[in-house]
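Open the model in your viewer and keep the selection tool ready. The stops below go one at a time.

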Amino acid sequence: MARAHSNIALVKYWGKRDAALNTPAVGSISVTLDALYTDTRVTFLSGLVADEFWLAGCRNPVTRISHVLDLVRGHAASMGLPAAGLNAIVTSTNNFPTGAGLASSASGFAALAVAAAGAAGLALNGRELSILARHGSGSAARSIFGGFAEMHAGTAVDGSDAYAEELLDRGAWPLAVVVAITEHGEKSINSTVGMNESKATSPFYGAWLDSADDDLADMRAAIRDRDFARLGELSEYNCLKLHSLMLTTRPALIYWNAATVAAMHAVQALRARGVPAYFTIDAGPQVKVLCLPGDAATVQRAMALVPGVHEARISGLGPAAHRLE
Ligand code: PMV
């Protein structure tokens, strides 16, 4: 059994370098969230005719799960371990609503990588686990680590240098994230489909690739200097740059609803009142607000008052993915 926490990118990933290896076209930097996590158990069994995936007690498709399990079986074969020839039962639960646009694929595939490697008897290091998780979902590579994590785009044709690593321990700079939920239910366009459409159609895609390294360097410096205003401003800027790319994709990727926009204005209003708070938004309508721990309750109250916000949850920064037994 393994637990992995969700993460939210401050400098975001959008676009694939290699679809089969699921390597990103740009690097990314994220914070891991302690309030949102997935617990996953993997059991390799003889006599099982196919892999099975059970999420919150319901049977789900195994395609992406089996892809990650196949890589684990490949490692196991090279070590002469019995899991090499066995199918597996995967059982998973999220401590937050699944499919509500709260990055369950990040925590889910990170938990799967750690649980499957452990169940197969493999001793993989963080870099190897992040590569394994990346094959399930690009953002999952970052959830192998706690605190602040960076995912490298890499250049190697085999994807071996497209891995994540920890930039800073969560204890070194405690921050809070208020998650404002504006909509329950599945997001309209899945991120892989959306990324491919942006790459194929947006005139801004080239600019997105060209400016990524500058944003990554600035964010690394903000984290190194513990400069919250710089981190927050850059997070908002990078988020809006991503959404400009999405909006200029054909057909347009409009992930926002009215409450998403109202929440952005509410964050600007908080700043005008002297509360340092900055928003970021992924491929969905939820708004994540970065703030200092001492301001989290104020930010939560402000978000809960925004028309259309159903719920506002406070999270601190979370730990690395780990085995529970
Ligand atoms: O890992 P995926 O395929 O779910 O894509 C993640 C895309 C964003 O959440 C929008 C950005 C990111 O870096 O997490």
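Between which domains does the second largest cavity lie? Domain 1 (2-171) and domain 2 (176-316) both give residues to its lining, so the second largest cavity lies between them. The domain bounds come from an automatic or database domain assignment.

Before selecting anything, note that this is a predicted model, in which local features need pLDDT of at least 70, side-chain atom pairs count only at pLDDT 80 or more, and totals for chains, interfaces and linings use all residues. Residues are numbered from 1 along each chain as its sequence is written, and side-chain values use heavy atoms, with hydrogens and water left out.

**Stop 1: the cavity**

Select Val11, Lys12, Val26, Trp208, Ser211, Ala212, Asp215, Asn238 and Lys241, which line the second largest cavity. Helix H5 (205-224) and helix H6 (228-247) are the elements that give two or more residues to this lining. H5 provides the largest share, 4 residues. By type, the lining has 4 nonpolar, 2 polar and 3 charged residues. (Ala, Val, Leu, Ile, Met, Phe, Trp, Tyr, Cys and Pro count as nonpolar, Asp, Glu, Lys and Arg as charged, and the others, Gly among them, as polar.) The space inside is about 30 Å³, and the whole structure has 2 cavities of 30 Å³ or more.

A cavity here is a set of points, on a 1 Å grid over the protein atoms alone, where a 1.4 Å probe fits but cannot get out; lining residues have an atom within 4 Å of a point. Points are joined across faces, edges and corners, and the volume is the space filled by probe spheres set on them. Helices (H or I, at least four residues) and strands (E, at least two) are DSSP runs, numbered from the N terminus.

**Stop 2: helices around H3**

Select helix H1 (residues 63-79) and helix H3 (residues 126-136): they pack at about 150 degrees, with their axes 8 Å apart. H1 and H3 are therefore roughly antiparallel (angles over 145 degrees). Axes are lines fitted to C-alpha atoms, for helices over the stretch in contact, and angles run from 0 to 180 degrees between N-to-C directions.

**Stop 3: two backbone details**

Most residues other than glycine have a negative phi, and most peptide bonds are trans. Go to Asn22, where phi is near 55 degrees, a positive value. Asn22 sits in the loop between strand S2 (16-18) and strand S3 (23-24). Then find Arg250 and Pro251, joined by a cis peptide bond with omega about -5 degrees. Pro251 is in the loop between H6 and helix H7 (258-272).

Definitions and conventions: 1 Å grid on protein atoms, 1.4 Å probe; cavity = no way out; pocket = protein on both sides within 12 Å on 5 of 7 lines; lining within 4 Å. Parallel < 35°, antiparallel > 145°, perpendicular 65-115°, else oblique.
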